[in-house]
Amino acid sequence: MSHYSDLAIHGGRPVRSGKWPGWPISSARTVDNLQSVLDSGRWSISGPYRGTPSFEQQFARGYASYTGARHCVPASSGTSSLTMALEGCEVGARDEVIVPAVSWVASASAVLGINAVPVLTDVDPRTGCLDPAALEDAITPRCRAITVVHLGSAVADLHGLLRVAQRHGVPLIEDCAQAHGAHYDGQHVGTFGRAGTFSMQHSKLLTSGEGGAVITDDDELARRLEHLRADGRTLSGEPPPIDQMELSETAEVMGSNYCLSEFHAAVLLAQLEKLDAENAARRRSAQYLDDLLRQLGCEPQATADATTSRAYYCYVVALPDEVLLHTSVQRFAQALSVELSLSCKPMYASLNDSRLYRPETRRRFALDAEFIEAVRPQRFELPAATEFARRSIALPHRFLLAETSDMLDVQRAMEKVLAHARRL
Ligand SMILES: Cc1ncc(COP(=O)(O)O)c(C=O)c1O
């Protein structure tokens, strides 16, 4: 039992007042790379060729090699990466796309953005990731793609999901926005489906503030992705004369401007060097913390059996049922945040109950009565996702980069808030 009498949220002394590591963390290489871009006279792949490979292409090659994919097409965000992957797989207006019910809103809004219909589908209650049995029930003949999210620190049951996808002849797109460096059956996530998409937004394990990428082994899809990201232009194999544009107007597919700038690519190239060491440190802390929190009756997020290495985008843990008789995850997370000087949040609400997922607020989605009903989030019943959200809180990954012994502070803070849950 904690010796602190009062919760910090009520004015008592917090368990921890010291700082946690910050995020993001740059390196000398990050600074050097940024300076090189500034000096280069080329700030985008659409700028003139200056005699050296663009950072965008250096990152594309580096990230393809890191993940083991044949191709990587960098992009401006995780949302544009999802958009490109969907359109690359020829998904379009009124097609159905399976979207797991527990995710950041972008997993569903990217589908809506191409005028397709997100079919919110229930999750495995232990991992929060798309459930193969629920997928089987949700697939209809109108389904043109399945998206799966590797959520928090979990990898989805890819073997089970691929079996269903293959039986129905529907491509699987892996949304790996939260899973840079995670492996399943010895292979990097994102290489199991037709395409894998990544976000490099500020909070992500590999970040340049904003950014994204799509990986694939499919040569034809890679070519479509290149067109989609640069207004129908592609990079030719041979460099052009100095000061000429490297992109040429091949125009096989009409595209949009989803290009990653040279600044972002330069940062990503440097940050990639640190990713494995950071992920290993996070894993060590998380494994230790799992044991500490199980002692308190909490249930850390599980991952699919064939996971070979987890990547902790956030540390997700389900609270004991008896505590949730007295308080909500919202209130618990607030109290824990003050004890730890760390912003802890409830895990995402199920997308049929998300404040942010509101297709009815955008006129572009009001195509006709049938479409409005098809995309209405509340038409879906998602009991496992609702239960996952009711029980789970998420801690941001930066605290896992502290010393392993600092995890004892997290255990103490959880123990204290659990003990005082009735008074929250
Ligand atoms: C699972 C998931 N998909 C997609 C996205 C969208 O990425 P971005 O914010 O870079 O557009 C995010 C971002 O948080 C995410 O977590």
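Helices here are DSSP runs of H or I with at least four residues, strands are runs of E with at least two, and both are numbered from the N terminus. Axes are lines fitted to C-alpha atoms, for helices over the stretch in contact, with angles from 0 to 180 degrees between N-to-C directions. This is a predicted model: local features need pLDDT of at least 70, side-chain atom pairs count only at pLDDT 80 or more, and totals for chains, interfaces and linings use all residues. Residue numbers start from 1 along each chain as its sequence is written.

First, a helix pair. Helix α3, residues 78-88, and helix α7, residues 219-229, have axes that come within 9 Å and cross at roughly 130 degrees. The contact takes Met84, Glu87 and Gly88 from α3. From α7 come Leu221, Arg224, Leu225, Leu228 and Arg229. Contact means C-beta atoms, placed from the backbone, within 7 Å.

Next, the ligand. 14 residues surround the ligand, and the closest are Gly78, Thr79, Ala106, Ala177 and Ser199. The cut-off is a C-beta atom, placed from the backbone, within 6 Å of the molecule. Two or more residues of that shell come from each of α3 and α4 (106-113).

Last, Val97. Val97 sits in strand β2, residues 96-100. Why is Val97 buried? Val97 has 27 C-beta neighbours inside 10 Å, and buried means 20 or more other C-beta atoms within 10 Å, placed from the backbone. Leaving out residues up to four places away in sequence, Val97 touches several residues, including Leu86, Val111, Val119 and Arg144. Leu260 lies 163 residues from Val97 along the chain, with 26 Å between their C-alpha atoms.

Methods
Contact = placed C-beta atoms within 7 Å. Buried ≥ 20, exposed ≤ 12 C-beta atoms within 10 Å, placed from the backbone.
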